[in-house]
Amino acid sequence: MGMPVSRIDARAVIDENARLGDGVIVGPFAVIGPGVTIGDGTKIGPAAFIEKDTTIGKDCFVAHGAVVGSDPQDLKYNGERTLLTIGDRTTIREFATVNRAAGAGEATTIGNDVLIMAYVHIAHNCIIGDNVVIVNAVSLAGHVEVGECAIIGGVTPVHQFVRIGKYSFVGGASRISKDVPPYFKVAGIPTRPIEVNTVGLQRHGFSEEALSQLRQCYRLLYLSDLNTTQALSRIRAEMPTSEETKTLVAFVESSSRGILK
C-alpha cells in the first residue's frame, strides 16, 4: 500500500514555509503559519489556527477553533523565536489555546497520547507528560509541569511554576497553588489531599504491594503529626526502597513551592 494522501481544503491558508506530512487532513478556513511542521496522519479541524514555530507529531487531532502555537501571554516576551512541541497521537479539542514559550529558544512541550479537552488553556513554558488528561476549561499558568498519566479535572486553575506529579488525580473545580505529589488524589475548595489515587493506579497495573506502600507514605505525610521533613525521614527509614517511594520522596524534596497540605 502507498502512503495515505493528504486532503487540504481549498479554503485553508497554509504558509509556504510550513511542512505537512503524508495523510494530513486540513479543514476549511484553518490557518497554518510559518515554521509549522505537522506529522503524518494528523487532522486539523475547520478554523483551527496553528500560528508559527510549532511541531505537531503523527496521528494527532486539532479540533475546530483551537489556537495552537500562539505568542505567550507574558509581558517579558519581546518577539524572540520560541517553540511549541507536541508529540504523537495527542488530541486538542475545540477552542483550546496552547501558547509557545517565552525566552529565546525555549519550548512549551506536550507529550504523546495527551487529551486536552475543550476550552483548556496551556500557557508558556509548560511541560505536559505522556498520557495526561486535561479536562474542559482547565487553565495552566506559565511554567506548570504535569507528570505522565496525571488527570486534571475541569474548571481548575493551576498557579505558575506548580508541578503536578505523575499518576496523580486533581478533582474538578479545584484550585492548585502548591505542588501535587505523584500517586495521590486532591480535590475540594480549599483543595486538599484526599487519598492515594487507588483506582487510577490499579488501571495502570500497579501492584497491591505498591499501593500498600503508597498508603503508608500518605499516612506519614498527611495523617500523622509529623512535619514534611520528619515524614520524609520516616519514609526513608521504614519503607522499602521501591520505585514509587523513591519517586515520591524525590518529588517532595525538590518542591520549591511546597506540596499541598
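Tutor: Before we start, a helix here is a DSSP run of H or I with at least four residues, and helices are numbered from the N terminus. Keep in mind that this is a predicted model. With that, Arg236 sits in helix α3, which covers residues 228–238. Arg236 counts as partly exposed, because its relative accessibility of 44% lies between the 20% and 50% cut-offs. Setting aside neighbours within four places in sequence, Arg236 is in contact with Val249 and Glu253. Val249 is 13 residues away along the chain, and the C-alpha atoms of Arg236 and Val249 are 8.1 Å apart.

Now the cysteines. The count of disulfides is 0. Cys149 is in none, and the nearest cysteine sulfur, that of Cys60, is 17 Å away. Cys149 is buried, at 9% relative accessibility. For Cys217, the closest cysteine sulfur is in Cys149, 19 Å off, so that is too far for a bond. Cys217 is buried too, with a relative accessible area of 0%.

Last, the packing. In soluble globular proteins, nonpolar side chains tend to be buried together. The largest nonpolar core here has 44 residues, and Ile110, Ile122, Ile128, Ile134, Leu140, Val146 and Ile164 have the most contacts inside it. A second, separate core has 23 residues, including Tyr183, Val196, Ala210 and Val252. Back in the largest core, Ile110 touches, among others beyond four places in sequence, Leu84, Ile86, Val98, Ile116, Ile122 and Ile128.

Conventions: Residues are numbered from 1 along each chain as its sequence is written. This is a predicted model: local features need pLDDT of at least 70, side-chain atom pairs count only at pLDDT 80 or more; totals for chains, interfaces and linings use all residues. Side-chain values use heavy atoms; hydrogens and water are left out. A disulfide is a pair of cysteine sulfur atoms within 2.5 Å. Buried means under 20% relative accessible area, exposed over 50%, partly exposed in between (1.4 Å probe, protein chains only). Helices (H or I, at least four residues) and strands (E, at least two) are DSSP runs, numbered from the N terminus. Contact means heavy atoms within 4.5 Å. A nonpolar core is a set of buried Ala, Val, Leu, Ile, Met, Phe, Trp, Tyr and Cys residues joined through side-chain atoms within 4.5 Å.
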